[in-house]
Amino acid sequence: MTEAAEEQRDQFGSKLGFIMAAIGSAIGLGNIWRYPYVVYDNGGGAFLLPYFIAIATAGIPILIMEYILGNKYRGSAPVAYRSLSRRWEWLGWWQGAVTFLIGTYYMVIIAWVLAYLYYSIGSQWGSDTEGFFLGDFVGLSDSFWSVGGIQLKVLVPYLIAWVIVLWLLIRGVSRGIQLASMVLIPLMALMMLIIVIRGLTLPGAGEGLSVLLTPDFGELLNPQVWIAAYGQVFFSIGVAFSIMIAYSSYLPRRSELPNSGFIVALSNSGFEFFAALGVFSVLGFLAVQQNTQVNEVVGEGVILAFVTFPQIINQLPALNSLFGLLFFGALLFAGLTSAVSILEVGIVAVRDKFGLSRNRAVALVGGLAFLVGFVYITRGGLYYLDTIDHFINNYGLVLSGLIEVILVAWVVRQLRNLQEFANENAYIRLGSWWVLALSTITPVLLIIITAFNIYNEFANPYEGYPASGLILLGGGAAVLVIVVGFVLQAFGWRRSTEEVSR
Amino acid sequence: MSAAAWIFFLVGAIFLWGGLVISIVNYLRSGRRS
């Protein structure tokens with residue numbers, strides 16, 4: 001009998017605990033640093049129309065489907081897909097490998113946030129925030145293949161970040177993941193509330209919000225805007241990471257699922273809409289301070305968080321350090337609750353298949369991710385992180401999500417069965433809209449997005465990086481995770497289905 | 001803030017936050033049963 005065979009399956013302490021953990025997973029760094037720019041860049045207020053449609057026809061339906069898969073088959077993604085059809089176990093490992101790879105660099109970004117939490121005290125980044133981030137802090141090398149040494153300023157927070165996350169993961173589902181989410185998510189929401197209120201009371205806030213929300217209806221005829229809406233919803237809610245399958249496997253059998261899906265998806269989208277108000281009000285303030293237009297200061301991602309926000313903090317009339325602590329604290333809490341969910345995917349999968357105890361699985365998955373993460377704390381690390389993130393999102397998450405819905409809807413044709421399973425305990429019954437969304441709308445849109453991504457890859461090489469880097473690192477990572485999927489399927493199961501789902 | 005921006009702020013707030021409130025009320029009315 002394997003180590004874990006005698007253990008009962010981990011379980012959330014309460015339904016609320018599950019919902020908070022799922023919200024903690026869904027709300028991550030992208031809600032704060034990606035969504036506001038996506039709205040601005042894709043028609044402003046008019047973007048809300050495709051965004052709502054994407055939530056209703058893809059985000060919520062896929063999320064609910066993943067909840068049902070995890071709860072019905074009481075296992076991680078490899079267990080769930082194997083239960084649908086033995087030949088498809090690899091899809092679960094593929095998604096697990098994609099999520100694992102994301103975890104390796106997600107932890108590095110959390111390390112940056114931790115460092116900036118410290119640098120907030122007295123605005124230690126100085127007046128040249130870009131020079132500080134790219135030069136002093138990450139020490140970005142001159143060219144893509146110039147790896148450079150380990151950056152000590154990143155190494156220290158990286159070690160601290162891993163200690164925190166490993167501690168939470170070892171504590172388990174209810175005493176670690178659930179507890180962290182129950183504490184950190186309300187705290188983060190409170191911090192964002194303070195940031196938004198402060199932002200709205202700054203000069204220039206109205207101008208910033210006008211730039212964010214004034215609609216450009218002409219953009220609705222642009223297919224790229226619709227692709228952006230579906231892409232945003234897909235990445236933001238966190239479907240195809242197989243996190244939601246893992247989390248719902250920790251619920252009691254036959255739990256209520258559809259309404260939980262609505263709560264989690266709308267919490268995630270409601271939060272990012274709220275965060276966008278804060279981000280654009282302070283961008284409006286920065287534009288006023290620099291006597292320029294809002295369009296000149298907008299940005300997204302790493303640059304928004306680590307270059308633009310420090311600039312904004314420098315310009316504030318008072319309590320600069322406190323604002324910095326609130327902003328980077330909110331990013332840290334959003335990031336930590338997502339990081340534990342990302343790593344939990346690999347942990348639960350190897351436990352289910354190989355019967356490892358939690359401690360051993362955490363050591364194996366966490367230890368491997370920790371070592372791989374060293375690639376990104378070199379001086380060339382930002383290039384590698386950016387490249388792998390781009391490829392793994394577009395050809396890992398989107399493509400595996402596409403195959404996931406095709407498998408369930410068209411290959412094994414289980415949508416109606418899953419619908420009946422969910423409706424037995426649902427407050428909101430899943431109707432034909434759910435089946436239509438998953439069988440038709442979602443696959444068609446994911447095919448369009450994938451075709452667009454492939455076309456774009458050749459038309460505009462990502463960030464102008466060298467082809468060797470894009471092919472070897474980006475393409476290599478995207479292929480490697482598929483190979484890992486098939487290799488892990490080939491291993492024998494150390495546990496029976498009954499042992500896994502007990 | 002422009003009038004158009006205000007309108008779209010309200011649209012976002014009503015759909016996203018309103019939808020969230022309704023789903024939370026559903027959850028609470030069910031007695032938080034699993």
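Modeller: One definition comes before we start. Angles under 35 degrees count as roughly parallel, over 145 as roughly antiparallel, 65 to 115 as roughly perpendicular and the rest as oblique. Keep in mind that this is a predicted model.

Biologist: How are α17(A) and α20(A) oriented to each other?

Modeller: Helix α17 of chain A spans residues 381-411, and helix α20 of chain A spans residues 467-490. Their axes come within 9 Å and cross at roughly 45°. The two helices are therefore oblique.

Biologist: What is the handedness of the crossing of α17(A) and α20(A), and how many charged residues does their contact have?

Modeller: The crossing is right-handed. Residues of α17(A) in the contact include Y383(A), F391(A) and G396(A), while α20(A) brings G469(A), L473(A) and V481(A), among others. By class, eleven residues are nonpolar and six are polar. The number of charged ones: none.

Biologist: How is α5(A) oriented to α15(A)?

Modeller: Here helix α5 (residues 77-84) and helix α15 (residues 320-354), both of chain A, have axes that come within 8 Å. They cross at roughly 55°. That angle makes α5(A) and α15(A) oblique.

Biologist: Which residues of α15(A) make that contact with α5(A)?

Modeller: From α5(A) come A77(A), P78(A) and V79(A). By class, the contact has four nonpolar, no polar and two charged residues. The α15(A) side is A349(A), D352(A) and K353(A).

Biologist: How many charged residues are on the side of chain B that touches chain A?

Modeller: Chain B has 21 residues in contact with 24 residues of chain A. On the chain B side, twelve are nonpolar and seven are polar. The charged ones number two.

Terms used. Residues numbered from 1 in each chain as written. Chains lettered and ligands numbered in written order. Predicted model: local features only at pLDDT ≥ 70, side-chain atom pairs only at ≥ 80, totals over all residues. Axes fitted to C-alpha atoms, helices over the stretch in contact; angles between N-to-C directions. Helix = DSSP H or I, 4+ residues; strand = E, 2+ residues; numbered from the N terminus. Left-handed = near helix turned anticlockwise from the far one by under 90°. Contact = placed C-beta atoms within 7 Å. Nonpolar A, V, L, I, M, F, W, Y, C, P; charged D, E, K, R; others polar.
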